[in-house]
Amino acid sequence: MDKFAARFRGGNQGTEPTRLESDNITTPEEDKDDHEWDRPIEFILSLISNSVGLGNVWRFPYLAAKSGGGAFLIPYFVLYFLIGAPIYYLELALGQFSSRGPATAFILAKGWRGVGFAMIINSVLCMLYYNVIISWALFYFISSFRTNLLWKKCGYWWNDDRCFVPGSENSPFTVNGTKYNCTEAQYLNSSMYACVPSTGKDVTATEQFFYRLLLGKSNSFEEFGAPQLYPALSLFIAWIIVGACIIRGVKSSGKVAYFTAIFPYIVLLILIIQSVLLDGAIDGIKFYVIPRWELVAKFETWQAAASQVFFSLGLSFGSLMAYSASNKFKNNFFRQMCIVVSCDCFTGIFAGFAVFATIGYLSSELKEPVEKYASASGPGLAFITYPEAIAHMPASSVFSILFFLMLLALGLGSQFALTDVPITSLLELFPRFRSKRPIVVIITCIISFAISLPFTCPGGIYLFELLNEYAANISMVVVGFFEVYTIAYIYGFNRFMNDVKMMLGKRAAEYYLFVTWCIIAPLLMLIITLSNILSAKRMTNNAGGGFDAYVYPEWSTIAGWCIFIGCIIPIPLVFIINCFREYFALRRRDIAKPFVRRAHNNLSEDNAHSEKPTYLEAVTQNNSPRYDWGPKKEANWNDAYKHLKEMQFNDERTHQELHHLRSDAYRNPSFQPDSEKFHSLNDVVQERF
């Protein structure tokens, strides 16, 4: 037995064991993996396409108008600088250094792998309902290839007797927000017509096109119904487009990014030039930029700004890590980050001018206050307000085609990144499928389409809004908090900056990152999360589109919070499970001490002190990197990661001997090889700060 123990400690003697695929630190296939960007410009354009999405066109302008106009820009820029940019840096750096996606990158702290799994859940939920919006844009885009747009007038089979066209000669006359039961000519000739304020709920042709033809919206969540033809067919085509564009990974999506990243800016520029020349455009722009300072101090404004920063940049979804994992190790991601973050930050503001200039024109044309159209949220702005404005423009079909093609380009760029996250994660967790990526992509898109079908039901819009409120919203801030905490406090700020230095040759933006990662960002995210939870209330829909004001049922609130918990539950769950695994692994090691010398796993500063209780040592092990943490490719095993070469040389024999040890009377099914360390691992830098 002593001879066996000596052999185990030495690790360099004995016969050559059979190599197990799962035991390797890396594989030759990984070093030869050509799943990399062809050109750095494709990576930059893909990041721009991912970050500059539909949220920049409707979400940012709406939140800006709702939260104080120009005053909204104050918390937006503050949070962008103190939270958004630092986390963007973190995700790009972590993905590029490890060449891993969110599923495996967080082995840098074994107990915190749940952060990566939470990112995947956020990404999957957002991916499911985000492609529904793309399917709506696709339906409008196809419907735009007509001389007369279908939402430009009433009289179609989906219109009812409440339908009217704002601004037409026969439409009800409106003045100062009050609608009368007569036309403008009749109102002006009041001696012959008894015009009184109308009590009927007239509905515009644009609203009926969206709610009645496309969505077939029901009156309540409970009237859910079955999938409908037009939205289901549009969703099916949308998933075909997504699957076709990402089937070869970054090799195909990188090429598509030339279009999805550049084309929206061309259309936005055209729309701004066209919009600012319209009558009333200046009123909309004033409403957009003039601050209402009393709203800046409200928590709701800061919550909205934080949500927009995360959603706009694509933080906490794992897509940034999945994209940067395909970079070359020495790629200058810091310079690329500065370019992309600047583009994303100012695109929202840029798009706001186009949107609110159009809203100003529409309100002037229809003699309605700007506030009425500025209050349209989410899909209402893109699929009701803007089509209404386009219908009043000359060459409306041309502008409609351009606008909805722009929405498709914006949406697809983000959808590619979101869909790539679960696919990349599956290929990382099951390496045997790497050569079968096209099959994995096809299966993922088919399953995603099937799961998304409920959104095409009459009550699907209520489910959509529920997910939009609770999934990938405040949960993104929670995941972002644990991202920063894991890097700055568990793995160690200093260690991570040394990893950055291996890639860039310098500790780029070190002081800025120290202040934000270690102090300001965690504190702000914690305050925003707590204030959001404490101020939560039941969801409601305002009256509009021919529907009465609606209060969501109680059970939907419970379901929403269950969705929120489901988005973040992997973080504590994985930590607890791994703690127990480490604990039982250490107990097993203690039992085996007569045969195997105790592994040197403790931090160097702990070695001079008395032995820790097993449960405390289990927590320490839970917060330490896994034995194979480091750059994924052997060519990058330098500096503090030279020990990985020795481990690769010895891993076959060691795993074989561990296999023999597991076969004896002390077998424990929770045993984890991570607790068995090599002497060379003591050379790894252990400092936290």
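The structure holds 62 aromatic pairs, a pair being two rings of Phe, Tyr or Trp (its six-membered ring) with centres within 6.5 Å, called stacked if the planes are under 30 degrees apart, edge-to-face if over 60 and tilted for the rest. This is a predicted model, in which local features need pLDDT of at least 70 and side-chain atom pairs count only at pLDDT 80 or more, while totals for chains, interfaces and linings use all residues. Residues are numbered from 1 along each chain as its sequence is written, and side-chain values use heavy atoms, with hydrogens and water left out.

**Aromatic pairs**

- The rings of F97 and W629 have their centres 5.8 Å apart and their planes at 45 degrees, so this pair is tilted.
- This pair links distant parts of the chain, 532 residues apart, with F97 in helix α5 (residues 73–98) and W629 in the loop between α25 and α26; helices (H or I, at least four residues) and strands (E, at least two) are DSSP runs numbered from the N terminus.
- Both F97 and W629 are buried, where buried means under 20% relative accessible area, exposed over 50% and partly exposed in between (1.4 Å probe, protein chains only).
- Y386 and F403 form a stacked pair, at 4.2 Å centre to centre and with 20 degrees between the planes.
- Because Y386 lies in helix α17 (residues 379–391) and F403 in helix α18, the pair ties together parts that are 17 residues apart in sequence.
- Y386 is buried, with a relative accessible area of 4%, and F403 also counts as buried, at 1%.

**Buried residues and their surroundings**

- A471, in the loop between α20 (460–470) and α21 (474–504), counts as buried at 0% relative accessibility.
- Although A471 and L125 are 346 residues apart in sequence, their C-alpha atoms are 6.6 Å apart in space.
- Leaving aside neighbours within four places in sequence, A471 is in contact (heavy atoms within 4.5 Å) with L125, Y129, L466, I563 and C567.
- D420 lies in helix α18 (residues 396–429) and counts as buried at 5% relative accessibility.
- Not counting residues up to four places away in sequence, D420 touches A322, Y323 and R437.
- The C-alpha atoms of D420 and T444, 24 residues apart along the chain, are separated by 9.8 Å.

**An exposed tryptophan**

- W157 is found in the loop between α7 (114–143) and β1 (163–164), and at 64% relative accessibility W157 counts as exposed.
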